[in-house]
Amino acid sequence: MSDVCASTGDRGLRRLAAGTLLVSFQGLQAPDWVLRGLEGGLGGVTLFGFNVRDPEQVAGLTAQMSGSGNPVISLDEEGGDVTRLAYHIGSPYPGNAALGAVDDVELTERVYHSIGSDLARCGVNLDMGPVADINTADDNPVIGTRSFGSSSDLVARHTVAAVRGLQSLGVAACVKHFPGHGATTQDSHLEIPLVAASRELLWDRELIPFRAAVEAGTKSIMTAHVSVPDLTGNLPATLSGEALTTLLRREMGYDGVVISDALDMHAITEGVGLVGGAVLSLAAGSDLLCLGPLPTAEEIERVLTGIAEAVAEGRLAAARLEEAAERVDRLREWFAAPRRKPAESNGIGLEAARRAVALSGAVTPLTDPFVVEVDTPPTIAVGDVPWGIAPWLPNAEVVRVKPEDADAAALLGRSHDRSLVIVVKDAHRYPGTRTLVSALLAGRPDATVMEMGLPIWRPGAATYIATYGAARANAQAAVELLTN
């Protein structure tokens, strides 16, 4: 890849264009093209699980990149199911659904303060969280346990607590996904989801947490690739000036940094393409463009060229890039303000998970436990993060089965004269899971069912445990309940 700011065209314009990009790369070290780009004005980077081995390695990586410029260094660290720092082992924090179930805003602020501390020690200065979506659609394939809940007021107060917790340590919050992804039953990684809400309903429901976050001083807000016909027409909000400029800027009075959701998602690339999405999102009001994990160095170069050409052709105002640069510069000044040194983790994640776990029925001592974990396909947002209770029940026999391949009779035979524990995740979304669990309970009504997603479908098990998330902390808290 050529130097992102030294190829053809106006160098000042290309530097402005480069300043809007959050790029990604494969591997544990930054490649030369990223370091050259940061020296030439790239806005920053977004890290993913494939960039992480452990906190020490991440700290070295961010120090390397910060030596080449003053980048925004971001990642998705929501706690719960969506984690990057703990991608290979599962998060030590229980996630938003669990925090919403406890409904203690002080606890939420402490959890996000601890997350912010972890990020600050690693050199990450922007967390793409918290999720402020109100999970009003039970079958939502992309939000679910990432949301604090289905009540706008509950989500608002915990969103504010999360923003305060993160930003107290100089880690910018990025409240997402504006103007709300919670009422969808489609995944924007794959298509443009529809939110069938009037402007009035948006103000009365979806926008309440975002308005609260604006008032609390969130440093950034992320767009959603959702279509709200009454607001955006056929466009996703990421490309809509009505959503980002008219609604968010003018009507809601927000003047912080607007960051696009990943532009390599199908909701953008299958419609206007990566370059077209970048230009349209900037024109609509985005200040930083998260390009996502897929674009290569060559594709990023084409995005940069496409932005510069759009300005030259009058399709994008140069003033829009200058405005974006000014906002991002203010964010960098905020990063540089002196703050107290981040503390080491204090176990708050496990404390929160213990408070969230809910029990129906009686717990009886386990006898030679046989654990059936019903496999659930990972979502694109979560990735292939490990989940389940095996690490916390080392003396149990644990089998992971796909519901379409499982033999209920054989599993019942293996569980004879043993404690049977059935572990599921979002069983309400998967008919095959419900069929298998029902068959197992028909033969073993004394079994324990543990739901590690949202506890919407509740089968008639003797014991039912809801964890409100599948993070490592959730699993440990649930097993403690079973064994203590």
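Visitor: Is E301 buried or exposed?

Guide: In this predicted model, E301 has a relative accessible area of 13%, and it counts as buried because that value falls under the 20% cut-off.

Visitor: And which residue does E301 form a salt bridge with?

Guide: The partner is R14, with the closest N and O atoms of the two side chains 3.0 Å apart. This pair links distant parts of the chain, since R14 sits in helix 1 (residues 11-18) and E301 in helix 12, 287 residues apart.

Visitor: What about R14, buried or exposed?

Guide: R14 is buried, its relative accessible area being 2%.

Visitor: Staying with helix 12, at what angle do helix 11 and helix 12 pack?

Guide: Helix 11 (residues 273-284) and helix 12 (residues 297-312) pack at about 45°, and their axes are 9 Å apart. The two helices are therefore described as oblique to each other, and their crossing is right-handed.

Visitor: Which residues of helix 11 and helix 12 meet there?

Guide: From helix 11 the residues are L274, V275, A278, V279 and L282, and they meet E299, R302, V303, G306, I307 and A310 of helix 12. By class, the residues of this contact divide into eight nonpolar, one polar and two charged.

Visitor: Another pair, then: how do helix 5 and helix 6 cross?

Guide: The axes of helix 5 (residues 105-122) and helix 6 (residues 152-167) come within 7 Å and cross at roughly 35°, and the crossing is right-handed. Helix 5 contributes V105, T108, E109, Y112, H113, I115 and G116 to the contact, while helix 6 contributes R157, H158, A161, A162, R164, G165 and L166.

Visitor: How many of those are nonpolar, polar and charged?

Guide: The residues of the contact of helix 5 with helix 6 divide into six nonpolar, five polar and three charged.

Visitor: Back to salt bridges: how many does the structure hold?

Guide: The structure holds 32 salt bridges, and R249, D255, D287, R320, E323, E326, R327 and R330 are linked in a network of them.

Visitor: What do R354 and E480 tie together?

Guide: The side chains of R354 and E480 meet in a salt bridge, at 2.7 Å from N to O. R354 lies in helix 14 (residues 348-356) and E480 in helix 17 (residues 472-483), so this pair ties together parts that are 126 residues apart in sequence. R354 itself is partly exposed, with a relative accessible area of 42%.

Visitor: And where do R414 and E397 lie?

Guide: R414 belongs to helix 15 (residues 408-414) and E397 to strand 11 (residues 397-401), so their pairing ties together parts that are 17 residues apart in sequence. Their side chains meet in a salt bridge with an N to O distance of 2.5 Å. R414 is partly exposed at a relative accessible area of 40%, and E397 counts as partly exposed at 28% relative accessibility.

Visitor: Changing topic, where is A216 found?

Guide: A216 is in the loop between helix 7 (199-215) and strand 6 (220-223), and at 29% relative accessibility A216 counts as partly exposed.

Visitor: Which residues does A216 touch?

Guide: Leaving aside residues up to four places away in sequence, A216 touches V160 and V163.

Visitor: How many residues apart are A216 and V372?

Guide: A216 and V372 are 156 residues apart in sequence, and in space they are 44 Å apart, taken from C-alpha to C-alpha.

Technical notes:
Residues are numbered from 1 along each chain as its sequence is written. This is a predicted model: local features need pLDDT of at least 70, side-chain atom pairs count only at pLDDT 80 or more; totals for chains, interfaces and linings use all residues. Side-chain values use heavy atoms; hydrogens and water are left out. Helices (H or I, at least four residues) and strands (E, at least two) are DSSP runs, numbered from the N terminus. Buried means under 20% relative accessible area, exposed over 50%, partly exposed in between (1.4 Å probe, protein chains only). Contact means heavy atoms within 4.5 Å. Axes are lines fitted to C-alpha atoms, for helices over the stretch in contact, and angles run from 0 to 180 degrees between N-to-C directions. Angles under 35 degrees count as roughly parallel, over 145 as roughly antiparallel, 65 to 115 as roughly perpendicular and the rest as oblique. A crossing is left-handed if the near helix is turned anticlockwise from the far one by less than a right angle, and right-handed if clockwise. Ala, Val, Leu, Ile, Met, Phe, Trp, Tyr, Cys and Pro count as nonpolar, Asp, Glu, Lys and Arg as charged, and the others, Gly among them, as polar. A salt bridge is a side-chain nitrogen of Lys or Arg within 4 Å of a carboxyl oxygen of Asp or Glu.
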